[in-house]
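I opened the notebook to look up the nonpolar packing and the aromatic rings. The structure comes first, my entries after it.

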Amino acid sequence: MTFRARHLLGIEHLSPGEIRTILDLADRYVELNRRTVKRTDALAGLTQINMFFENSTRTQASFELAGKRLGADVMNMAVAQSSVKKGETLIDTALTLNAMRPDLLVVRHNASGAVNLLASKVNCAVINAGDGRHEHPTQALLDALTIRRAKGRIQRLRIAICGDIAHSRVARSNLILLGKMENRLRLIGPPTLLPAGVADLGCEIFDDMNAGLKDVDVVMMLRLQKERMDGGFIPSEREYFHRYGLDAEKLAHAAPDAIVMHPGPMNRGVEIDGVIADDINRSVIQDQVEMGVAVRMAVMDLLAQNLRAERGRAAAGGIDV
């Protein structure tokens, strides 16, 4: 297997081979997670700290479950009640974490680049669980695994990413990953929710759902990121759903076997009709949740292997890491 990274901070620095390595190992963890006994000792003796400066029950629960199934000692730091809220800087936090000697640090932060800063200051493997509008790498990886298992491949597909692309780190990570795997990408949304420089991303751009969804293999809907909006980006939720919400009429323009995705949490009746979201023949939204645990297990397993190898080399050279 090919995977040499010390951290997972984004998709940009991963090669297609490294992406496949993660997905192949995650496939094995899907099978483990479907057994009665769902535990392994891949992370036995290691400590995993989940530090979420921004709330996300789903992602934090997925990382916690992944770590425990791998045999790690898992701790969730309640950042909202910590000294960070009292003015402690990220560098102070890094120094405190170093003193605790964790092995894996999972971080979500509302500022782009904050996770990279922490990674440069700590002596453990760091996983970006979402930073500002920058990236959300494990979401893109679990989306890729979901697509590969549903469509039989992750290359040369027509994939539409629809909705609030401007504020979405999920969209950014998916654009990078799916582009690396040679897919044809379309972005669909109102001009107010498309990022600056969108024409340079190498995607087809549509502001009409029916035209944009024509013959696509994958429809990826995005949540309206209201917490990141400063001003009026849409006339109303009702009007947004009428033009850009996924319903049966719009989905009919996609390929007959097209799958429907959403990173969650969903705003039913805003981005997606509830009937479409629950359609067991088209929707893979629940599969995405299942794949999330497996992908995070694979990422932590691979990073732990690299961390142990690095520490082994350092010990042989008499260096404390």
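Before anything else I noted what a helix is here: a DSSP run of H or I with at least four residues, numbered from the N terminus. The model is a predicted one.

Entry, helix H8. I looked up Tyr240 and Tyr244, which lie four residues apart in helix H8 (residues 237–244), so about one helical turn separates them. I then asked how far apart the centres of their rings are, and at what angle the planes lie. The centres are 5.7 Å apart and the planes are at 40 degrees. Planes under 30 degrees apart would count as stacked and over 60 as edge-to-face, so this pair is tilted. I found a count of one aromatic pair by this rule.

Entry, burial of the two tyrosines. I took under 20% relative accessible area as buried. Tyr240 is buried, at 3% relative accessibility. Tyr244 is buried too, at 4%.

Entry, a charge over a ring. I found the charged end of Lys250 over the ring of Phe241, 5.8 Å from the ring centre.

Entry, nonpolar cores. I looked up the largest nonpolar core and noted 66 residues; Tyr29, Leu141, Ile147 and Leu177 have the most contacts inside it. Helix H11 (residues 285–316) gives the largest share of this core, eleven residues. Why does the core lie between domain 1 and domain 2? Domain 1 (7–134 + 289–304) and domain 2 (137–284) both contribute residues to it.

Leaving out residues up to four places away in sequence, Ile147 touches, among others, Gly152, Arg153, Leu178, Val218 and Met261. I also noted a second, separate core of 23 residues, including Met209, Ala254, Val260 and Ile276.

Note on methods:
Residues are numbered from 1 along each chain as its sequence is written. This is a predicted model: local features need pLDDT of at least 70, side-chain atom pairs count only at pLDDT 80 or more; totals for chains, interfaces and linings use all residues. Side-chain values use heavy atoms; hydrogens and water are left out. A nonpolar core is a set of buried Ala, Val, Leu, Ile, Met, Phe, Trp, Tyr and Cys residues joined through side-chain atoms within 4.5 Å. Buried means under 20% relative accessible area, exposed over 50%, partly exposed in between (1.4 Å probe, protein chains only). Helices (H or I, at least four residues) and strands (E, at least two) are DSSP runs, numbered from the N terminus. Domain bounds come from an automatic or database domain assignment. Contact means heavy atoms within 4.5 Å. Rings of Phe, Tyr and Trp (its six-membered ring) pair if their centres lie within 6.5 Å; planes under 30 degrees apart count as stacked, over 60 as edge-to-face and the rest as tilted. A charge sits over a ring if NZ of Lys or CZ of Arg is within 6 Å of the ring centre and within 35 degrees of the ring normal.
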